[in-house]
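User: Could you walk me through this one, piece by piece?

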Amino acid sequence: MTSSARDTPALLEAEALALRAGERWLCSQLALRLTAGECVVVLGPNGSGKTTLLHTLAGLREPGAGVVRLQGLAYRERSPRDNARLRALLPQIQVEQFSCSVLEATLVGRHPHVGRWSWESRTDLAIAHAALTRVGIDALAGRDILSLSGGERQRVAIAALLAQQPSLYLLDEPLNHLDLRFQIQVLELFRELARDGAGVVMVVHDINLAARYADQVVLLDGRGGVLAGRAREILQPGRLADAFGHPLIRAEVDGHTVFVPR
Amino acid sequence: MPPRASVLLALPALLLAGLAALAWALASGETHADWSSVADALAGGTAFDAAVIRELRLPRAVAAYAGGGMLAVAGALMQVLLRNPLADPYVLGVSGGAAVGALGALSLGLSALSADACAFAGALAAMLLVFGLARGDGSWTQTRLLLTGVIVAAGCGAVVTLMLSMAHDARVHSMLFWLMGDASAAGRPWPALVLLALAVLACLPLARDLNVLARGALGARALGVAVERLRLVIYLLASLLTAVAVTMIGTVGFVGLIVPHLVRLAIGNDQRVLLPASALAGGALLVLADTAARLVLSPLQLPVGVLTALIGVPVFLFLLARHYR
């Protein structure tokens, strides 16, 4: 890390982080430092603790050891509402139980910005419409969310996240249910947000998309080991093969690095 | 989102419907009163009709209104708490506890007043039991809460059956009537009406949190909602409302399940409007049902729970088919 990167204030910082699920340690001594404009991709096999890590980084789960700081303060040093204005979490897609309009589902993202006794204002409404436009579904604003396809619901969830206007986006499999075109659109969208000063941490399954969009990579191996660092260092065939338990080969195609299972 | 005018108009419309239902309840019965004698009775008239209206019909209608409103609000809260559109106020065993208490008192031949006290004690006991068991290790998952509640309710059901099978013949009728739900025994329903109003007011500042919670607990926590505390508050509030309603009018079925759904179909799922609208609609509906229960086979009076069940079952099946198509 260069000295100039060290001087930039960290958006998200994890020190000596250890995570456990029941009796099992998922990782230990994880250090992570994310500055505005960066994208971290979390990779690892099933059950290796990617979601647990994301929830811990979101301050929604106490770490087994270590500390997570958002803009210099531990989560408990701010109110949940103040935290919610700074960071947003896209959970893995959930089953919707109650019908509501796409616009209402998007306005949920405005919750931490609206006072307890107020209704959402015209500004909130405009922000929600802009978010829906950005994911290409403003035309569906009046539709019942229960009538949407899985991919459309995922885009509504992303719109709600945009409406929250956080500095840090934590995304759990944001590409689920999306076809190729929207996968790239969503990744480009978050790259744009990062360019405008946000930070992004996301769990994805596709190593090749990770290689294309990650500045840093956290690689969990499911046996308690973890590697974190610049994407170029971590994304090595040997390291990936070790974590995923299957040999890979690296190739260059049209200037993109791709990994193919052997 | 600021509600559409049509949605906000639903509240005064439902209030008017409730008042109309109350007026009908006061005027109807074995002796039909015209509007002037109803007004005379409410103004403190001394005619025989006036006494019937003021002493018998009015408390009964108000009890039905308050009870219906409380069950509907409790049902709407339970549906959010369990994130399950098919939840109702009784699903977590509060009514089962009340039934055990009330039927225990009735089978021992205690007075109606002590039956009420036992019903309320039973409801609170069931509420605390489910709460304690479901939170045993500090976690508070919907599935665990639901399963604990269902099991406690099933246990109460068995005890109720046992008491019915062992009860003295002369007492079985009053026990069955209590189980079916019956507003005729309600003595002083006014405090319940105040409680309903206070409960709805208490819900309003939490209503947007509930909107967020209805879409999932994890997302709600990420949006800054204190999910654990919110769940605790709505669990206690819904249970308390159910306990009071069941003590007052018995385990009237389906109001707490159907009313929130009907309101949701009409004005959407924004809890800020849904909760007060459910209170108003639940009250109006139960007054109508109770009055109809008095009139259909007059002079024979049906327990109001039979009528709400006869209306509720087909509506419920329709909603079920619609939800899981």
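**Reading the model**

Analyst: Strand S1 (residues 12-21) of chain A and strand S4 (residues 65-70) of chain A run antiparallel and are joined by five bridges. Strands (E, at least two residues) and helices (H or I, at least four) are DSSP runs numbered from the N terminus, and two strands pair if DSSP finds at least two bridges between them. This is a predicted model, in which local features need pLDDT of at least 70 and side-chain atom pairs pLDDT 80 or more, while totals for chains, interfaces and linings use all residues. Residues are numbered from 1 along each chain as written, with chains lettered from A and ligands numbered from 1 in the order written.

User: Which residue stands opposite Glu15(A)?

Analyst: In S4(A), the residue that stands opposite Glu15(A) is Val67(A).

User: And what is the order of the strands in that sheet?

Analyst: The order is S2-S1-S4-S5 in chain A, an open sheet of four strands with antiparallel pairing. At the edges stand strand S2 (24-34) and strand S5 (73-74) of chain A, and because each has a single partner strand, one side of each is left without a neighbour in the sheet. A helix, H2(A), also packs on this sheet, where it touches S1, S2 and S4 of chain A.

User: OK, new topic. In what order do the six strands of the other open sheet come?

Analyst: In chain A they come in the order S6-S7-S8-S3-S9-S10, and the pairing is mixed. Here the edges are held by strand S6 (87-90) and strand S10 (226-230) of chain A, each with a single partner strand, so one side of each has no neighbour in the sheet. If you start from S6(A), you find four bridges that join it to strand S7 (residues 168-172) of chain A, and these two strands run parallel. One such pair is Leu89(A) with its bridge partner Leu170(A) in S7(A). From there, S7(A) is joined to S8(A) by five bridges, again running parallel, and Asp172(A) has Val203(A) in S8(A) as its bridge partner.

User: Which strands does helix H2 of chain A lie across here?

Analyst: Helix H2 (residues 50-57) of chain A lies across strand S3 (39-43), S7, strand S8 (199-203) and strand S9 (216-220) of chain A.

User: Is S3(A) mostly buried or exposed?

Analyst: Buried: this holds for five of the five residues of S3(A), so the strand is largely enclosed by the rest of the structure. (Buried means that 20 or more other C-beta atoms, placed from the backbone, lie within 10 Å of a residue's own; exposed means 12 or fewer, and partly exposed is in between.) Both faces of the strand are covered, with Cys39(A), Val41(A) and Leu43(A) on one side and Val40(A) and Val42(A) on the other.

User: Which residues point each way from S8(A)?

Analyst: Gly199(A), Val201(A) and Val203(A) point one way from S8(A), whereas Val200(A) and Met202(A) point the other way, and all are buried.

User: How many bridges pair S3(A) with S8(A)?

Analyst: There are four, and the two strands pair in the parallel sense. Val41(A) has Met202(A) as its bridge partner in S8(A), and Val40(A) has Val201(A). S3(A) also pairs with S9(A) in the parallel sense over four bridges, where Val41(A) stands opposite Val217(A).

Notes
Contact = placed C-beta atoms within 7 Å. Axes fitted to C-alpha atoms, helices over the stretch in contact; angles between N-to-C directions.
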